[in-house]
Amino acid sequence: MEHDRTRTRAWVLHPEIKTDEQRRIPEPALEEAVSLAAALPDLVVIGSEIVRLQRAQPGLLFGSGKIEELGETFRESEIELVLIDGPVTPVQQRNLERAWKVKILDRTGLILEIFSDRARTREGVLQVEMAALSYQRTRLVRAWTHLERQRGGLGFVGGPGETQIEADRRAIDEQLVRLRRQLQKVVKTRTLHRAARAKVPYPIVALVGYTNAGKSTLFNRLTGAEVMAKDMLFATLDPTMRRVELPDGPEVILSDTVGFISNLPTELVAAFRATLEEVLGADLIVHVRDISHEESDAQAQDVETILDSLGVDEGRPRLEVWNKIDLLSENEREAALARAERDRKIFAISAITGEGLETLLAEIATQLQGTRHEKTLKLSFAEGDKRAWLFRQDVVRSEEQTDDGFVINVLWTDKQAAKFDGL
């Protein structure tokens with residue numbers, strides 16, 4: 001039987017362990033894992049299943065009977081790669097690879113692989129590479145023969161990383177040091193860009209949400225931009241920013257960010273932090289939810305957890321957008337609209353049809369009116385402290401020295417103006 005040998009034949013397993021205090025329903029969790037695998041162009045998912053376990057076996061994860069049964073399936077289907085939707089220890093990985101004669105990739109490895117495939121900016125590439133190396137360092141049973149790899153895949157799936165040799169920790173550590181230095185340079189450049197942008201009188205509105213919630217579709221609808229918007233997990237990785245003129249409101253910078261996901265690998269939290277610096281500095285956060293998804297509440301909770309771990313201030317203004325109401329049944333749709341009607345922080349919309357967008361945009365405009373405004377201040381030479389404070393706040397647009405002191409043109413928020421008055 002002839003097969004397409006250009007793509008790796010994969011099988012997805014979702015272990016449901018009884019002792020786990022999991023909030024997630026196994027069926028949608030498996031579906032998400034299959035979607036993750038489908039996000040990699042080099043893979044073709046041949047089959048998938050939920051494996052229910054009383055407890056995880058320390059050496060092999062699964063029981064011997066199940067290993068035999070799955071091994072038979074993999075041989076018959078000519079499977080080359082098994083994706084396990086959960087954590088797999090290096091020992092379990094090595095033992096399962098020996099038992100099944102296939103490659104094993106856990107959830108962290110798969111997400112790293114996708115991030116590597118998606119990263120486009122220099123910073124994104126460096127962050128993902130560092131995350132991959134940190135992950136690799138803990139897995140002495142895996143190979144890393146291509147530290148100076150080309151972009152596009154980490155070699156976990158195939159390619160030169162296939163030989164099962166012990167990773168050279170020293171080489172990894174040296175590479176991590178090099179990457180950190182490079183990253184510091186990139187971050188410094190971006191900090192300068194951000195400082196320059198802070199002087200532009202446009203508030204920043206950041207779209208955040210679980211992956212596939214429809215952020216990029218909404219972004220495209222509002223900006224007329226052509227950001228990749230596919231029914232695919234992590235369709236966008238690097239943040240995209242566009243200027244948008246709100247009807248009867250201020251001009252804003254709209255930022256589309258990477259989608260979040262449950263059980264985000266710790267190695268990637270730092271990569272997210274860099275990608276989401278725009279969120280940390282945003283004047284308004286718009287949390288986009290796929291309200292038609294059966295796990296919508298759990299997904300929203302995951303987003304909140306990640307925002308907290310990134311240090312996003314709880315007091316920062318936020319709106320919640322219930323997207324995809326066009327996919328709800330008539331009764332569900334009416335209930336969602338009624339709830340949005342009652343709660344002024346919730347907006348039920350469809351990014352595809354445009355329903356509800358007018359109300360959302362009107363609220364964004366209301367939230368941001370007067371976010372930043374210009375003012376000309378006159379300070380005497382004796383008011384050096386006030387002048388220094390303005391520069392520290394990065395609100396000075398221009399300054400002129402006169403015989404009596406300084407004429408300073410600032411762009412600031414009401415909060416900053418109030419603080420200045422209290423100095």
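Q: Is F406 buried or exposed?
A: F406 counts as buried, at 14% relative accessibility. Keep in mind that this is a predicted model.

Q: Which aromatic pair does F406 form?
A: F406 pairs with F381. The geometry is edge-to-face, with 5.4 Å centre to centre and 80° between the planes.

Q: Where do F381 and F406 sit in the chain?
A: F381 is in the loop between β11 (373–380) and α13 (384–392), while F406 belongs to strand β13 (residues 405–412). They are 25 residues apart, and the pair links distant parts of the chain.

Q: What is the relative accessible area of F381?
A: 45% for F381, which makes F381 partly exposed.

Q: How many aromatic pairs are there in the whole structure?
A: A search of the whole structure gives six aromatic pairs. Among the residues involved, W11, F62, F74 and W100 are linked into a cluster by ring pairs.

Q: And W389 with F420, what sort of pair is that?
A: A tilted one: W389 and F420 are 6.2 Å apart centre to centre, with 40° between the planes. W389 lies in helix α13 and F420 in helix α14 (residues 414–421), so the pair ties together parts that are 31 residues apart in sequence.

Q: Are W389 and F420 buried or exposed?
A: W389 is buried, with a relative accessible area of 10%. F420 counts as buried too, at 6% relative accessibility.

Q: OK, helices now. At what angle do α13 and α14 pack?
A: The angle is about 160°, and the axes of α13 and α14 are 11 Å apart. An angle over 145 degrees counts as roughly antiparallel, so α13 and α14 are roughly antiparallel to each other. The crossing of α13 past α14 is right-handed.

Q: Which residues of α13 and α14 meet?
A: On α13 they are K386, W389 and L390, and on α14 they are Q416, K419 and F420. The aromatic pair W389 and F420 is therefore part of where α13 meets α14. By class, the contact has three nonpolar, one polar and two charged residues.

Q: Switching to the other end. How do α1 and α4 pack?
A: Helix α1 (residues 26–38) packs on helix α4 (residues 107–118) at about 40°, with the axes 9 Å apart. α1 and α4 are therefore oblique to each other. The crossing of α1 past α4 is left-handed.

Q: What residues make that contact?
A: α1 supplies E32, A33, L36 and A37, and α4 supplies R107, L110, I111 and I114. By class there are six nonpolar, no polar and two charged residues in the contact of α1 with α4.

Q: What about α4 and α5, parallel or antiparallel?
A: α4 and helix α5 (residues 122–137) pack at about 155°, with axes 10 Å apart. That makes α4 roughly antiparallel to α5. The crossing of α4 and α5 is left-handed.

Q: Which residues of α4 and α5 meet?
A: T108, G109, L112, F115 and S116 in α4 meet V128, A131, A132 and Y135 in α5. By class, the contact of α4 with α5 has six nonpolar, three polar and no charged residues.

Technical notes:
Residues numbered from 1 in each chain as written. Predicted model: local features only at pLDDT ≥ 70, side-chain atom pairs only at ≥ 80, totals over all residues. Heavy atoms only, no water. Axes fitted to C-alpha atoms, helices over the stretch in contact; angles between N-to-C directions. Helix = DSSP H or I, 4+ residues; strand = E, 2+ residues; numbered from the N terminus. Parallel < 35°, antiparallel > 145°, perpendicular 65-115°, else oblique. Left-handed = near helix turned anticlockwise from the far one by under 90°. Contact = heavy atoms within 4.5 Å. Nonpolar A, V, L, I, M, F, W, Y, C, P; charged D, E, K, R; others polar. Phe/Tyr/Trp six-rings, centres within 6.5 Å; stacked < 30°, edge-to-face > 60°. Buried < 20%, exposed > 50% of the residue type's maximum accessible area, 1.4 Å probe, protein only.
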